[in-house]
Amino acid sequence: MLTRALNQCNEALPNYQCCKTDGTACNCLSSLKDDYYNRADTYNCNKKMNTYVLRFGLAYASEIYHYLSFSKFKNKFDLSKSLNVKSLGCGFSPDYYALKQYFQNQNIQTQINYVGLDSGECWNLARPNDDNCTYPLSDLTIPFDLSNTDVVFISKVFSTLYKNGNGPVFLLNLENAVKQTLKAGALIVFIDINTNKMGRDQFHSSVSKYLPNFNQYYFEGYPGYNWLQINENEMVFPIPPMLAIEPLTSTGQTVVFEYRK
């Protein structure tokens, strides 16, 4: 499934016009680097978003898969019924690709009902087209609802919100949604860069105050107190040949914090 999405992004990449207006040569990898280090991120360019998926898609989905496997995710819920997932700032849905692969490998037949909240439509080509996946346009700085949700993924989005100055309002919206609409027993899964400069500690400090039942995992980098290291770092999904953008082929410095309500 993810392989198909990567091939679609690869085929479409030459057909997109560059969004740059300063006359310099188009270089989406350089623009993504500038987004991360030098300026506020933007997600409004199809060419850049397809480049993003080709570069990071395999690694990000594999990280989530390894977390699911390492944490024995299948034992955290009653999987005799459907699993309702809401992904905040879902992007191209690496969490859904990982869940589908994990369920397939574990021979779990449970239906996944997936709702991806995101303010951008440039991810559409890379998203799964399964009937059980829906993508309402959503601004996470506006209050949101977590009713009828078993798992909430917050994957590689808080660092962007934090860097763009929207971390506090998102944390307030999340707290209100958890307290007012999230059912008991639900799980929040936070996935982001393992650094103290991109909101990792601010997220945990906020959420752990009202959800004190948590586990913390990491792949590389800073090992926090009582964090569990996930040593698997290989790609779970096959790498399509002849991609225009060379993909990452191992997991990175990432943390996964899970909080049980």
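The chain has 261 residues and a radius of gyration of 18 Å, which agrees with the value near 18 Å for a compact globule of that length; the radius is taken over C-alpha atoms, and the globule rule is 2.2 Å times the number of residues to the power 0.38. Please note that this is a predicted model, in which local features need pLDDT of at least 70, side-chain atom pairs count only at pLDDT 80 or more, and totals for chains, interfaces and linings use all residues. Residues are numbered from 1 along each chain as its sequence is written, and side-chain values use heavy atoms, with hydrogens and water left out.

Along the principal axes, the C-alpha atoms fill a box of roughly 55 × 40 × 35 Å. The chain contains seven helices and eight strands, assigned as DSSP runs (helices H or I, at least four residues; strands E, at least two) and numbered from the N terminus. Of the 261 residues, 53% are buried, meaning under 20% relative accessible area with a 1.4 Å probe, protein chains only.

Let us turn to one residue. Asp130 lies in the loop between β2 (112–117) and β3 (133–134). Which residues does Asp130 touch, beyond those up to four places away in sequence? They are Met1, Tyr96 and Lys100, a contact being heavy atoms within 4.5 Å. Asp130 is buried without a salt bridge, and Lys100, the nearest side chain of opposite charge, is 4.1 Å away. A salt bridge requires a side-chain nitrogen of Lys or Arg within 4 Å of a carboxyl oxygen of Asp or Glu.

Definitions and conventions
Buried < 20%, exposed > 50% of the residue type's maximum accessible area, 1.4 Å probe, protein only. Lys, Arg positive; Asp, Glu negative; His and termini not counted.
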